[in-house]
Amino acid sequence: MTQSTTGTFAPAQASTATRSGLAARLLRTSAGWDALALRIPAGIIFAAHGAQKLFGWFGGHGLAGTGQWLESIGLAPGYLMALLAGGAEFLGGLALLVGLLVRPAAVVLAFTMLVAIFTVHIGNGLFMSNNGYEFGLALLAISVSLAVSGAGRASFDRLLSGKGA
C-alpha cells in the first residue's frame, strides 16, 4: 500500500524492480560448471521418461497406456495424471538440458519424483531390482540440488541473469 497526496492508501503498483527481482531469483545460480554434470544426464533421463509417457517413444505406452496404468494404481483421472507427469518430465528434462528456468523445472521434477516414490516404488523397498525407489531417490536428490544451486555457469539462466557464461 502506498499513501497518496490526499492521505488515503491505495494498492502499490508492481514495480519493474519487483518483477525483475522475481526473474532474478528464478534465474540466479550459485553453481559453477559442476551443475552441468547433474543437468545433462538428469535432463536426458527425465526427457526420455517423459517421452515414453507422452508419445510412446523408447518403448513407452503413450498417454493412453500410461493413463490406464496410473488409473489402475489409484491416480485418477489417469489420462490427466499421465499428461502432468509426462509433461513435467519431458519439458523439465529439456529445461535441464539447455539450462533454462532450471530452478522452477527442478522443483516440479522433485515433486514428480516424490509422487513416483510414494505411489509406485516405496512398497518395493530400496533396490531397483525389485522396482524399488533408489533410482527415483537419486533423481529426487539431483532435482533438489539443482533447485537450490541453480543451473550453473553453462546455462541460459546465467546468460539471461546478466552474469554471462
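In which helix is Gly-86 found? The legends below take up this point among others, and they describe a predicted model.

**Figure 1. Overall arrangement of secondary structure in the predicted model.** The protein contains seven helices and two strands, and these elements follow one another along the sequence in the pattern β-β-α-α-α-α-α-α-α. Of the 165 residues in the protein, 33% are buried. Among contacts with a sequence separation of 6 or more, 61% are accounted for by residues 24 or more positions apart.

Figure 2. Gly-86 is found in helix H4, where it counts as buried because its relative accessibility is 0%. When residues up to four places away in sequence are left aside, Gly-86 touches Gly-50, Lys-53 and Leu-54. Thr-112, in turn, is found in helix H5, and its relative accessibility of 11%, being under the 20% limit, means that Thr-112 also counts as buried. With residues up to four places away in sequence again not counted, Thr-112 touches Ala-88 and Glu-89. Although Gly-86 and Thr-112 are 26 residues apart along the chain, their C-alpha atoms are separated by 9.5 Å.

**Figure 3. Close-up of the packing of helix H5 against helix H6.** Two packed helices are described by the angle between their axes and the distance between the axes. Here the axes of helix H5, which spans residues 102–121, and helix H6, which spans residues 134–149, come within 8 Å and cross at roughly 155°. Because angles over 145 degrees count as roughly antiparallel, H5 is roughly antiparallel to H6. The crossing in which H5 passes H6 is left-handed. On the H5 side, the residues that make the contact include Val-102, Arg-103, Ala-106, Met-113 and Ile-117, while those on the H6 side include Gly-136, Leu-137, Leu-140, Ser-143 and Ser-149. Sorted by class, the contact of H5 with H6 has 15 nonpolar, three polar and one charged residues.

Figure 4. In the model, the chain over residues 79–98 is 100% helix and 0% strand, with its end C-alpha atoms 28 Å apart. Over residues 135–156, the chain is 73% helix and 0% strand, and the end C-alpha atoms of this stretch are 28 Å apart.

Figure 5. In the loop between helix H3 (62–72) and helix H4 (78–98) lies Pro-77, and the peptide bond leading from Ala-76 to Pro-77 is cis, with omega near -5°. Phe-58 is placed in the loop between helix H2 (35–55) and H3, and it has a positive phi of about 55° although it is not a glycine. With a relative accessible area of 59%, Phe-58 is exposed. Leu-101, found in the loop between H4 and H5, has a phi near 55°, which is likewise a positive value in a residue other than glycine. The relative accessibility of Leu-101 is 41%, so this residue counts as partly exposed.

Terms used:
Residues are numbered from 1 along each chain as its sequence is written. This is a predicted model: local features need pLDDT of at least 70, side-chain atom pairs count only at pLDDT 80 or more; totals for chains, interfaces and linings use all residues. Side-chain values use heavy atoms; hydrogens and water are left out. Axes are lines fitted to C-alpha atoms, for helices over the stretch in contact, and angles run from 0 to 180 degrees between N-to-C directions. Helices (H or I, at least four residues) and strands (E, at least two) are DSSP runs, numbered from the N terminus. Angles under 35 degrees count as roughly parallel, over 145 as roughly antiparallel, 65 to 115 as roughly perpendicular and the rest as oblique. A crossing is left-handed if the near helix is turned anticlockwise from the far one by less than a right angle, and right-handed if clockwise. Contact means heavy atoms within 4.5 Å. Ala, Val, Leu, Ile, Met, Phe, Trp, Tyr, Cys and Pro count as nonpolar, Asp, Glu, Lys and Arg as charged, and the others, Gly among them, as polar. Buried means under 20% relative accessible area, exposed over 50%, partly exposed in between (1.4 Å probe, protein chains only).
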